[in-house]
2 protein chains.
Amino acid sequence: MPEFMDVHHNMVGITKEDLKAAHAADLAVQGEEGVNFKQAWADPESGVVYCLSEAPDADAVKRVHERTGHPADEIHPVPLVV
Amino acid sequence: MPEFMDVHHNMVGITKEDLKAAHAADLAVQGEEGVNFKQAWADPESGVVYCLSEAPDADAVKRVHERTGHPADEIHPVPLVV
């Protein structure tokens, strides 16, 4: 299944607990969209968060993040991985 | 060791071979800067490339990418990971 990296730019001050809660919310609904969120990384100072996922398409990633209340600012297919 | 996500924005049309070569070049010098590039993801269409690394600091990541001729446009510490 294709992989995607999505980016959130507005999470200055995000805490470990915030990130865990957001990730758990995504995991709870991801199955209904055929998405698998693999890992997420956050920089509380700049507010940027990166989420790596497998999904049928970018729209499915978009829908999960919208349903859980933290829409992504960017969603990129990442067909090349090393 | 702290983790970093760095981002390159100017690699439209990057191929699998290009990404492999760039990553190999980084791996060849990373030890001298105490950096460990763990994985890289690329979207040839938008030209964005994400590189995940462990490093003493952001400057070390910056130096490796500059020495190998593909400076990063952004380098973020990512202290929070899930």
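Mentor: Before we look, a salt bridge here is a side-chain nitrogen of Lys or Arg within 4 Å of a carboxyl oxygen of Asp or Glu. Bear in mind that this is a predicted model, where local features need pLDDT of at least 70, side-chain atom pairs count only at pLDDT 80 or more, and totals for chains, interfaces and linings use all residues. Residues are numbered from 1 along each chain as its sequence is written, chains are lettered from A and ligands numbered from 1 in the order in which they are written, and side-chain values use heavy atoms, with hydrogens and water left out.

Trainee: Which residue does Lys38(A) pair with?

Mentor: Lys38(A) pairs with Glu54(A), and their closest N and O atoms are 3.8 Å apart. This pair links distant parts of the chain, since Lys38(A) sits in strand β2 (residues 36-43) and Glu54(A) in strand β3 (residues 48-54), 16 residues apart. Strands are DSSP runs of E with at least two residues, helices are runs of H or I with at least four, and both are numbered from the N terminus.

Trainee: And where do Glu66(A) and Lys62(A) lie?

Mentor: Both belong to helix α2 (residues 58-67) of chain A, four residues apart, which is about one turn of the helix.

Trainee: How exposed is Lys62(A)?

Mentor: Lys62(A) is partly exposed at 41% relative accessibility, and Glu66(A) is partly exposed too, at 40%. By relative accessible area, buried means under 20%, exposed over 50%, and partly exposed in between (1.4 Å probe, protein chains only).

Trainee: Switching to chain B, what does Arg67(B) meet?

Mentor: Arg67(B) and Glu32(B) form a salt bridge at 2.5 Å, N to O. Glu32(B) counts as exposed at 57% relative accessibility, whereas Arg67(B) is partly exposed at 45%.

Trainee: Back to chain A, how do its elements run from the N terminus?

Mentor: They run β-α-β-β-α-β-β, giving two helices and five strands. The radius of gyration of chain A is 12 Å, close to the 12 Å from the globule rule for 82 residues, so chain A is as compact as a globular protein of that length. That radius is taken over C-alpha atoms, and the rule is 2.2 Å times the number of residues to the power 0.38.

Trainee: What share of chain A counts as buried?

Mentor: Of its 82 residues, 46% count as buried.
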